[in-house]
Amino acid sequence: ATAQAQQPAKSDGRKFRAFVRYGTGVSIQELRLLPIQPHEVLIRTEASVACYSITPYALRPDNYPRATILNHSGMGVVEEVGPMVKRVQPGDRVIVAGTPQCGQCYQCLQGRADHCQFLSGVDVHPIAEMADGTPVQPMSGLGGISELMVVAEEYCCPVFTDVPSAELALLADSGGTGLSAAKNLAEVQPGTDVVVLGAGPVGLAAIQSARIMGAGRIIAVEPIRTRREVALKVGATAALDPNASLDLVATIRAICKGKTDRLFAGGNTPRGAGADFVIEAVGGDQFRPKVEVGPDPTGILPLEQAWQIARPGGHIVTHGIGQKGSV
């Protein structure tokens, strides 16, 4: 159940629950809110989508000496703002994105807010305390799996819509990441061939993005059967099991060879065959699956295949993380 809405003048001391990693385990903790800082925003969380990248923090038995609220995105309603905040105001519905947008650094000025340099200097500090006084900080300065979030305003994107909160929360992390692959980074053109390696949360969003952009052929590559089935429902025109093909690269290049061999009538030579756009959304295995295992737990093979599948002059976007090795 979500914490009841409150809009006090000062929220410090307010109690709320959060999913906290501390020591060698995770637990739901009741916390006491500390005063927010001048550039911060207090948000009552309505939805939060757990990113796969937090899996090690939640499941590994390592000792974590600092109590941390897990996740780095969310969606909710602004309840209080610091005196220096200009972007949002109490009552706003906001998406709390995994990456900030300061609008002033080199990357933002170059149109690449996904690499905003505010991220490298974000002040990660305790926003609450446990019952015994242990300070608790939000993961990456955001948290997310919590009834309340305290974040810098640079992470807040106000949205004026009646779209359900659970759907908007998808855009804060994995869904927004996949959507950006075809729409913003690759800028997929209508009628082109797109290959998406991996049909997890990021890959499925990339498939939908390619469909939205008007791709002619969208090929999903995924070892898990149910994900292949979903991929076909949300826009893929074909779904391949990377374990079933003796030569996945050759199979895809044959599919993407074009409709004619006439070189000067829009056709491609065998040397020029391949996908116009390849989006890699695989990454390395944090924990080895017990069934439907991919061909390479390190995640390096899909990165190599992305280069082999793309045609000369084609485009590659890599979104997977956690690879072990080099290309």
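Buried means under 20% relative accessible area, with exposed over 50% and partly exposed in between (1.4 Å probe, protein chains only). Helices (H or I, at least four residues) and strands (E, at least two) are DSSP runs, numbered from the N terminus.

This is a predicted model, where local features need pLDDT of at least 70, side-chain atom pairs count only at pLDDT 80 or more, and totals for chains, interfaces and linings use all residues. Residues are numbered from 1 along each chain as its sequence is written, and side-chain values use heavy atoms, without hydrogens and water.

The arc is that of the directions from the helix axis to the C-beta atoms. Now take α6, where Arg228, Ala231 and Val234 are the buried residues. Down the axis of α6 they fall within an arc of 130°, so they line one face of the helix. An α-helix has 3.6 residues a turn, so residues three or four places apart point the same way.

| α6 | 130° | α5, β12 and β13 |

After α6 comes Gly235, with a positive phi near 145°.

**The cores**

A nonpolar core is a set of buried Ala, Val, Leu, Ile, Met, Phe, Trp, Tyr and Cys residues joined through side-chain atoms within 4.5 Å. Which members of the largest core touch the most others? Among its 20 residues, they are Val188, Val194, Ile207, Ala231 and Ile279. The elements that each supply at least two residues are α4, β11 (193–197), α5, β12 (217–221), α6 (225–234) and β14 (275–280). α5 gives the most, four residues.

Look at Ile207. Contact means heavy atoms within 4.5 Å. Beyond its neighbours within four places in sequence, Ile207 is in contact with Val196, Ile218, Ala220, Ala231, Val234, Gly235 and Ala236. A second, separate core has 15 residues, including Val20, Ala128, Met130 and Val136.

**A pocket**

A pocket is an open set of points on a 1 Å grid over the protein atoms alone, where a 1.4 Å probe fits, with protein on both sides within 12 Å along at least five of seven lines; lining residues have an atom within 4 Å of a point. The second largest pocket holds about 340 Å³ of space, a volume being the space filled by probe spheres set on the points. Of its 16 lining residues, Leu170, Leu171, Gly175, Ala205 and Gln208 are closest to the centre. α5 gives the largest share of the lining, six residues.
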